[in-house]
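Work through the exercises below with the sequence and the coordinates at hand. Each task is followed by a stepwise solution.

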Amino acid sequence: MAEAVTEALAWHGEGPVWWEDHLVWVDMLAGDVLSLAPSGQVTRTHVGSVAAALRPRRSGGWVLATERGFALAEDLTGPVTALGPLWIDEGIRMNDGGCDPDGRFYCGSMAYDTRTGAGALFRLDTDHSVERVLADVTISNGFAFSPDGTTAYYVDTPTRRIDAFDYGPGGLTGRRVFARVEPPGEPDGLTVDAEGGVWVALWGGSAVRRYDPDGVLDAVVELPVTQVTACTFGGPGLTRLYVTTSQQDAAPDHRAGAVFAVDPGVAGLPALTFAG
């Protein structure tokens, strides 16, 4: 079972990424970015009403998804420059995302009331233009790539699926079911290991599951809290799996909202970064 490596710091921890010996994640609905240093010290920076997801920029600094659009920051403590709202509906917010091998940043949206089909998946290109690449999404969640960069994995939580796309010059094509996620829990954030295994956090399921490259369930990491939100590999050699959790709708437990970690016996992949 995974063990807590922080206190219950987040109301809704999400979107972890490992960068320069730090674990960085968000307390999404508090609008905060958190960073865990090798010393164990955690810093927190407020960036807006919502901090949905973030990734490092190749030129330095960070790209973020905020409540209704994208933003840039010079560092984790610096000012945030918004790139402009993508919609005006205050009932819709960004939720989760990641980068593709060509350095573009994706983030998907959802309705606060989780109504069906209200969300979409957006792509921020390196020139800071934005394209909507998927519509009719309900709760846009995990987004990651195979080790060779030719397959993207994506979750729209209520479908109870991990979907796969072919990735190439034409973008995301050939959508298909990679794995069906059976109860308990629903698929949330995900990451991919160096062997091509897909690890998915289970919202309401107290676990992270690994599906092998053929979509077959072959490992389960149990957690002592119910609302498991996302995961990423980090630490020396990227051999630790870090897992974020939430207090939202959680069964009572003083550890809900903590970050957990486990050594699963496989290494992860370096974070894909934003080239814009």
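**Exercise 1.** How do the residues of the lining of the largest cavity divide into nonpolar, polar and charged?

Solution. Step 1: note the basis. The model is predicted, so local features need pLDDT of at least 70 and side-chain atom pairs count only at pLDDT 80 or more, while totals for chains, interfaces and linings use all residues. Residues are numbered from 1 along each chain as its sequence is written, and side-chain values use heavy atoms, with hydrogens and water left out.

Step 1: On a 1 Å grid over the protein atoms alone, a cavity is a set of points where a 1.4 Å probe fits but cannot get out; a pocket is an open set with protein on both sides within 12 Å along at least five of seven lines; lining residues have an atom within 4 Å of a point. Points are joined across faces, edges and corners, and a volume is the space filled by probe spheres set on them.

Step 2: find the cavity. The structure holds 1 cavity of 30 Å³ or more; the volume of the largest cavity is about 50 Å³.

Step 3: list its lining: Val33, Thr45, Val47, Leu54, Trp62, Leu64, Ala73, Asp75, Leu76, Gly78 and Val80.

Step 4: sort by class. Ala, Val, Leu, Ile, Met, Phe, Trp, Tyr, Cys and Pro count as nonpolar, Asp, Glu, Lys and Arg as charged, and the others, Gly among them, as polar. The lining of the largest cavity has 8 nonpolar, 2 polar and 1 charged residues.

**Exercise 2.** In what order do the 4 strands of the open sheet stand?

Solution. Step 1: strands pair if DSSP finds at least two bridges between them. The order is 6-7-8-9, with antiparallel pairing.

Step 1: strand 6 (53–56) and strand 9 (80–85) each have a single partner strand, so one side of each lacks a neighbour in the sheet.

Step 2: inside the sheet, strand 7 (residues 62–65) and strand 8 (residues 69–73) pair over 4 bridges. Leu64 stands opposite Ala71 in strand 8; Leu64 also belongs to the lining of the largest cavity.

**Exercise 3.** Is Arg210 buried or exposed?

Solution. Step 1: locate Arg210 in strand 20 (residues 207–211).

Step 1: apply the cut-offs: buried is under 20% relative accessible area, exposed over 50%, partly exposed in between (1.4 Å probe, protein chains only). At 8%, Arg210 is buried.

Step 2: check for polar contacts (N or O atoms within 3.5 Å, one able to donate a hydrogen and the other to accept it; residues adjacent in sequence count only if both atoms are side-chain atoms). The Arg210 side chain makes one with the side chain of Asp193 at 2.8 Å and one with that of Asp218 at 2.7 Å.

How values were computed:
Helix = DSSP H or I, 4+ residues; strand = E, 2+ residues; numbered from the N terminus.
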